[in-house]
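Please look at the structure below with these notes beside you.

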Amino acid sequence: MAFLRPHLTGTQSDYIFTKIEAIWKGGEAWPDFVEVMRRALYGGQAENRQLNSRSSQWTWLPGLCCQAAGGNFYWADYLAAAWILFYTGAGIMDSIEDQDRLGVHWGDMGPGVALNAASGLFFSAALALECLRSEEDNPLAAPEVIRYFHQSFLRMCSGQHRDLLRPEPTLEQYWKTAAAKSGVFFALACRGGARLATDCPQKLDNYYQFGEQVGILVQIMDDLEEVRRPDSELHKVLKPDIGRSLPVVYAREVLPEPERQGLRACLGSAWQDPVRARQALDLIDHSGAVLYTLTEIEAHRERALAALQETSPQQEAGKLLVSMVTELAPRL
Amino acid sequence: MALAQVVYHISRDADFATRMRSDPESTLAAKGWRLTKEELAFLMTVLKRETFDKVDVEHLAKAVATPWRF
């Protein structure tokens, strides 16, 4: 990643993962179960115990926001560990709820083993939060951050509940769900990290806004992945989940009824029929989905940067946070 | 979802798109539509870029899509 700085390459993430390994060791989890949780955490990189570089940058978010708010980057290590562990567990459950195929690193272990690993990751996160409570650097802030952590995940589950019940959300529902799931998750990292350094309500609100906007941007970029087709001409189909992605939700909202029905029909078989996939993409293009998506990317990026600016962040951490946002959502 | 409706009309109505580029406030008022100042500013920023109307959604995805998982 272009924005990586020499003093943060890998080392910070490694330090967080060393703490996670210590939690597993101290928790007396059995080695074969730890190996399964490790695979869930690192995906295909379990043997190296490394996340891919695109993912590892996000593990810095709580620490960078803590530093940006006037604290020490390392005060947020256990918060970052809990954040990653909880999210990984939630990601497994999300895949099973959506009946997605589990990652190849699960081999033939099946959803039962995956669900149990998710449970292990949740309790590992709880242990990480206990470690945060016992840190000497932030004894007053820790209880509030831990409560905020659990409230945030409760809100994310509420968003997930509605998402599961709505295969074809309206645009308004899409934005509410994006804010409740991805927005709340990233806001937790940013506001939670900052809270370890400051109790100023205005600053904390700005860090919340910053994280929420970043989370929504992450959701939009993830949605666009659903629209991307394989390069191979033989298999240019679309992914089954595309119906909840922003370009499709927008197109369904604005297209006249006959075209909306046409889009539904195309999407119904676009996961196995390249011709129908092409027809679906043409309908989406003709609806103005690119202009709408680019306008929303512009809006959420600029709102994120404005919220961060309002906090008057510590210079070095502020620059890194700005870089993370502009790398995620470049001006096209 | 006024922004979505405005964007749709820009994409389907060339005259409306031309008027939006030159005088957005009056063009919206003539239709009885209203965007917030912020929405209009973001829309105009993208409209003024030459790249957006040369890109389809598949190319946009290839350019910026980022699957999200730790």
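1. The buried residues of α1(B) pack against α8 (171-195), α10 (246-254) and α13 of chain A, and also against α2 (14-22), α3 (24-31) and α4 (37-48) of chain B. Helices here are DSSP runs (H or I, at least four residues), numbered from the N terminus. In α1 (residues 2-12) of chain B, the buried residues are B:L3, B:A4, B:V6, B:V7, B:Y8 and B:I10; buried means under 20% relative accessible area (1.4 Å probe, protein chains only).

2. This is a predicted model, in which local features need pLDDT of at least 70, side-chain atom pairs count only at pLDDT 80 or more, and totals for chains, interfaces and linings use all residues. Residues are numbered from 1 along each chain as its sequence is written, chains are lettered from A and ligands numbered from 1 in the order in which they are written, and side-chain values use heavy atoms, leaving out hydrogens and water.

3. In chain A, the axes of α9 (residues 201-227) and α13 (residues 289-310) come within 8 Å and cross at roughly 155°. Axes are lines fitted to C-alpha atoms over the stretch in contact, with angles from 0 to 180 degrees between N-to-C directions. The two helices are therefore roughly antiparallel, a term for angles over 145 degrees.

4. B:E58 lies in helix α5 (residues 57-64) of chain B. B:E58 is buried, at 7% relative accessible area. Leaving aside residues up to four places away in sequence, B:E58 touches A:V227, A:R229, A:K236, A:R278 and A:L281, where contact means heavy atoms within 4.5 Å.

Technical notes
Angles under 35 degrees count as roughly parallel, over 145 as roughly antiparallel, 65 to 115 as roughly perpendicular and the rest as oblique. Buried means under 20% relative accessible area, exposed over 50%, partly exposed in between (1.4 Å probe, protein chains only).
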